[in-house]
Amino acid sequence: MATIDRVLRSNIKLRHLQLVVALDQFRHLGRTAEFLSVSQPAVSKMLSEVESMLGLQLFDRSTRGSEPTASGRSIVRFARSVLAEYERTRDEI
């Protein structure tokens with residue numbers, strides 16, 4: 001639990017949060033890559049980095065797309081809340 005706390009407080013970046021939200025939305029690495037304006041290998045690498053940092057598998061990947069795991073759904077909820085607060089603060093400033 002301490003590792004997850006450290007990762008969420010210190011290591012995870014906004015780009016990682018945007019990635020998990022987009023992957024949840026599109027459920028496909030290629031469409032997520034297109035949306036984020038990066039290559040599909042870059043999406044795979046970023047997702048692997050996040051999963052490695054957390055020590056959790058966030059998405060089950062198959063030829064039909066990707067589906068969030070239970071841990072993935074939790075991280076997606078967290079990411080959505082952080083990004084929403086970021087946007088509110090940005091607009092307020």
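Predicted model: local features only at pLDDT ≥ 70, side-chain atom pairs only at ≥ 80, totals over all residues.
**Exercise 1. Overall fold**

Determine which secondary structure elements the chain has, and in what order.

Solution. Step 1: the elements amount to five helices and two strands. Step 2: along the sequence they follow the pattern α-α-α-α-β-β-α.

**Exercise 2. Overall dimensions**

Compare the radius of gyration of the chain with the value for a compact globule.

Solution. Step 1: for 93 residues, a compact globule would have a radius of gyration near 12 Å. Step 2: the chain has 13 Å, which agrees. Step 3: along the principal axes, the C-alpha atoms fill a box of roughly 40 × 30 × 20 Å. Step 4: of the 93 residues, 34% count as buried. Step 5: among contacts with a separation of 6 or more, 51% join residues 24 or more positions apart.

**Exercise 3. Helix H5**

Check the span of H5 against the expected value, then find its buried residues and their packing partners.

Solution. Step 1: H5 has 23 residues, and at 1.5 Å a residue 33 Å is expected. Step 2: the distance from its first C-alpha to its last is 33 Å, close to that expectation. Step 3: the buried residues in H5 are Gly 72, Ile 75, Val 76, Ala 79 and Leu 83. Step 5: the buried residues of H5 pack against helices H1, H2 and H4 and against strands E1 and E2.

**Exercise 4. The largest pocket**

Describe the lining of the largest pocket by helix and by residue class.

Solution. Step 1: the pocket has a volume of about 180 Å³. Step 2: H2 (14-26), H3 (29-36) and H5 (70-92) each supply at least two lining residues. Step 3: H5 gives the largest share, six residues. Step 4: the lining comprises seven nonpolar, two polar and three charged residues. Step 5: residues of the lining include Gln 18, Phe 35, Arg 80, Tyr 86, Glu 87 and Arg 90.

**Exercise 5. Thr 32**

Decide whether Thr 32 is buried or exposed, and list its contacts beyond four places in sequence.

Solution. Step 1: Thr 32 lies in helix H3. Step 2: its relative accessible area is 0%. Step 3: buried means under 20%, so Thr 32 is buried. Step 4: leaving out residues up to four places away in sequence, Thr 32 touches Leu 19, Ala 22, Leu 23, Phe 26 and Val 43. Step 5: one of these, Ala 22, also lines the largest pocket.

Notes: Residues numbered from 1 in each chain as written. Heavy atoms only, no water. 1 Å grid on protein atoms, 1.4 Å probe; cavity = no way out; pocket = protein on both sides within 12 Å on 5 of 7 lines; lining within 4 Å. Points joined across faces, edges and corners; volume = space filled by probe spheres on them. Helix = DSSP H or I, 4+ residues; strand = E, 2+ residues; numbered from the N terminus. Nonpolar A, V, L, I, M, F, W, Y, C, P; charged D, E, K, R; others polar. Buried < 20%, exposed > 50% of the residue type's maximum accessible area, 1.4 Å probe, protein only. Contact = heavy atoms within 4.5 Å. Expected span 1.5 Å × (residues − 1). Rg over C-alpha atoms; globule rule 2.2 N^0.38 Å.
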